[in-house]
Amino acid sequence: MEFLYLNELSILRWIHILAMVYWLGGEWGVFQTSYHVTNPALSLEERRRHMETAYRIDILARTGIVLLLPLGLHMGKIYGFVPLLEGAGVWLMWLFFAVWLAMTWTAFIKRETDIGIKVTRAEELLRYPLIAALFIFAAMAFAGTGPIQSGEGNDWYPAKMALYAFALVIGLFLRLVMRRWTERFRVLAAGPDAAQEAALAQEIGLARWSAYIYWITIASVCFLGAVKPF
């Protein structure tokens, strides 16, 4: 326990880096696999196998993105940026994110079932107030008020928080596309459907452009955390 106490910040930073790597790498894997999922020249069975691969890759990215926020807040507490988390606050924060992570994994495990789709939608709804709160807290920090007390010379912290919230917005759209894969493939299993194929092609086209912005945003979040430029 003494080792953990003495090296708390370093261990959190290490896990934070791992979560970032799985987030960025996982999104690249899903991006590449999507070409096969939406390729109408392949058999439906083969496309479903690629979809299964995409989901198995994506769960690591989803786990990474969920863990990044509590890890960042925990480190922010150590830096003195989030005094609200002193004492029992940090444990309540981790409990909240443990529930979020449990929902994420439940949605993955049950992804081919109605309950899996319902949990996925619930997890998506959870993100809306969280995204709004992150943007508001970041703006308040820049104004010198609110629960985030970064102060002059540490504006990188609320800036990183705002960029993370923006990444969650893009992630919501990408999660929506993947959820619709499952729904549309249920229809395609009954036979060829030109409307479903057209919808798949349109959605994946938008998702790929979103992915480019996503990667730039992730890289920017990583840059702010590593360099702390302002």
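I began with W14, which lies in helix α2 (helices are DSSP runs of H or I, at least four residues, numbered from the N terminus). The model is predicted: local features need pLDDT of at least 70 and side-chain atom pairs pLDDT 80 or more, while totals for chains, interfaces and linings use all residues. Residues are numbered from 1 along each chain as its sequence is written, and side-chain values use heavy atoms, without hydrogens or water.

Entry on W14. I looked up its relative accessible area, which is 54%, so W14 is exposed (buried is under 20%, exposed over 50%, partly exposed in between, with a 1.4 Å probe and protein chains only).

Entry on aromatic pairs. I found 17 in the structure (ring centres within 6.5 Å, using the six-membered ring of Trp; planes under 30 degrees apart are stacked, over 60 edge-to-face, the rest tilted). W209 and Y212 are edge-to-face, at 5.7 Å centre to centre and 80° between the planes. Both lie in helix α7 (residues 194-227), three residues apart, about one turn of the helix. Y212 also pairs with W215: the centres are 5.7 Å apart and the planes at 70°, so this pair is edge-to-face.

W209 is exposed at 64%, Y212 is partly exposed at 37%, and W215 is buried at 15%.

Entry on the cluster. I noted that W28, F31, Y35, W209, Y212 and W215 form one aromatic cluster.

Entry on charges over rings. I found the charged end of R208 over the ring of Y35, 3.7 Å from its centre (NZ of Lys or CZ of Arg within 6 Å of the ring centre and within 35 degrees of the ring normal). The charged end of K228 sits over the ring of W156, 4.8 Å from its centre.

Key
Helices (H or I, at least four residues) and strands (E, at least two) are DSSP runs, numbered from the N terminus.
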